[in-house]
Amino acid sequence: MSLIRWMFKFLKWILLAAGLLTVVLVYRTLQFNPEPSSIDKLTPISIDYPSALERVSGALKFKTVSEQNPEDGNPQAFLDLHQYLADSFPKVHKHLKLTKIGELSLLYKWSATKSDNDLKPILLMGHIDVVPVDPSTLSDWTHPPFAGVVGPENIWGRGALDDKAAVVAILESIETLLSEGFEPNRDIYFAFGHDEEIGGNNGAKEIAKYLANKGVHFEYTLDEGGFVTQGLLPGFEKPIALVGVAEKGYVTIELSVQSEGGHSSVPPKSTSIGIISQAIVRLETSPFEARLVPATEEMLTTVGKNMPFTKRLVFANLWLFRPFLLNQLSQSKLTNATIRTTIAATVFNAGDKENALPINAKAIINLRLLPGDSVDMALAHITRSINDPRVKVSVIRGGGATPIADSDSVFFNQLSKVIDQVSPEKQLVIVPNLMVGGTDSKHFIEISDNVYRFGGVKINPKSLSGFHGTNEFLPKKEYHRAINFYYNLLKLNQ
Ligand SMILES: [Zn+2]
């Protein structure tokens, strides 16, 4: 066979293969469509809304701050808030049993009136503590952080987003249901921790221990975390509800180097500062491998079905485009955090004299683990990447990610329906989501079949900066949505 004839034959096969591939890709893309939704929106419940706004405004005035050092805290502010809630929600405090755990956390039990079924109890959560306000930012706040100002559009103050308003919205919805004579068909618990912002060890963790000792096991737990948003995911315009089905693990590791010290006029090739700096550079240049965990893959698949054809082509054919997609997701820090275990150097300490070689150098790195990555695996990656026996690596604290909750359970489907029913947005896309931050709900994993995270409000990218930041606010209509959300969710239990 001449070379020319051979080349033509080869080209023919290449074209045929390319044609076939195109047919497969296009066919798969055309089959890849969102499920049609036919949810009827609900009319928001009618309550005395100005009074409800007054009640939430009052709660925001208590300085229930979780300081990093608990000694600096103000327990009286929490006790005052407890009293305020008791005065503001008299029916809740008459009909539900309140137990204070760790003195400052609140656990309410709403007992079932009919016990002729074997429904497991459920748990709704929130937290009454807030993060501190950096004094240097005070002048940047439109309204003072603890004034509880309600303006024409927004509710202003620390805790409006995270998470005091959600706690008050839950209480508001129970109070409304009680005034309508609602009787639950199963035991419903409400847990409001007082130290979520510093890990929840004296609040939520103790509540979980208390309930475990009583043999309580929940069908599901619902905590803060997820929300409705729009314009947050690059290239995706539709409104989307992110329901947290898992949260990443959290590990803090200390790196330390010890060297001889001595006078800086006769230095060694590298000082302890140089050695530890190099270790950090090596860590930053050897990230953990990117991968799609099931929750993220499911989210991307649902999002992908709602995208224009060319983008849908990628999501419909992950078998081919996965490496390309992972590369794209690595480009933004927000999406990068959802596809890999991350490493951040957060503390660095060494040296105190300009002409002396430092003996000790220390650095702290904080890792957020993807589901499936263990602390031991992370430690092995760190040690291997640093590849320097002079650097001592030790775990200070932490643990792996939570299990991934079932995104096809009866409750997940109920939850999705209620989210859609109370949301004015048309074509709302509801997706399971891996949370990169932590919540108190991680303490309830052992005593819940499933743990979900969703707070019932829409948060736009602008108000998102208020989370732990300056100018925290919640639009008034979103507070109404939250009450409506909890009310309708609770109402399913009758
Ligand atoms: Zn929170």
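Salt bridges in the fold

A: With a relative accessibility of 6%, Arg 481 counts as buried (buried is under 20% relative accessible area, exposed over 50%, partly exposed in between; 1.4 Å probe, protein chains only). The model is predicted, so local features need pLDDT of at least 70 and side-chain atom pairs 80 or more, while totals for chains, interfaces and linings use all residues. Numbering runs from 1 along each chain as its sequence is written, and side-chain values use heavy atoms, without hydrogens and water.

Arg 481 forms a salt bridge with Glu 425, and their closest N and O atoms are 2.8 Å apart (a side-chain nitrogen of Lys or Arg within 4 Å of a carboxyl oxygen of Asp or Glu). Glu 425 sits in the loop between helix H13 (410-422) and strand E15 (429-435), whereas Arg 481 belongs to helix H15 (residues 476-491), so this pair ties together parts that are 56 residues apart in sequence. Helices (H or I, at least four residues) and strands (E, at least two) are DSSP runs, numbered from the N terminus. Glu 425 also counts as buried, at 11% relative accessibility.

The structure holds 14 salt bridges, and one of them joins the side chains of Arg 158 and Glu 472, at 2.8 Å from N to O. Arg 158 is found in the loop between strand E4 (154-156) and helix H5 (164-179), and Glu 472 in the loop between helix H14 (461-464) and strand E17 (473-475), so the pair ties together parts 314 residues apart in sequence. Both Arg 158 and Glu 472 are buried.

Another salt bridge pairs Arg 322 with Glu 297, with the closest N and O atoms 3.2 Å apart. Here helix H10 (residues 318-329) carries Arg 322 and helix H8 (residues 294-305) carries Glu 297, so parts that are 25 residues apart in sequence are tied together. Arg 322 counts as partly exposed at 30% relative accessibility, and Glu 297 counts as partly exposed at 25%.

The protein chain is divided into domain 1 (49-227 + 436-491) and domain 2 (246-399), with bounds from an automatic or database domain assignment. One salt bridge is counted between domain 1 and domain 2: Glu 247 pairs with Arg 453, their closest N and O atoms being 2.7 Å apart.
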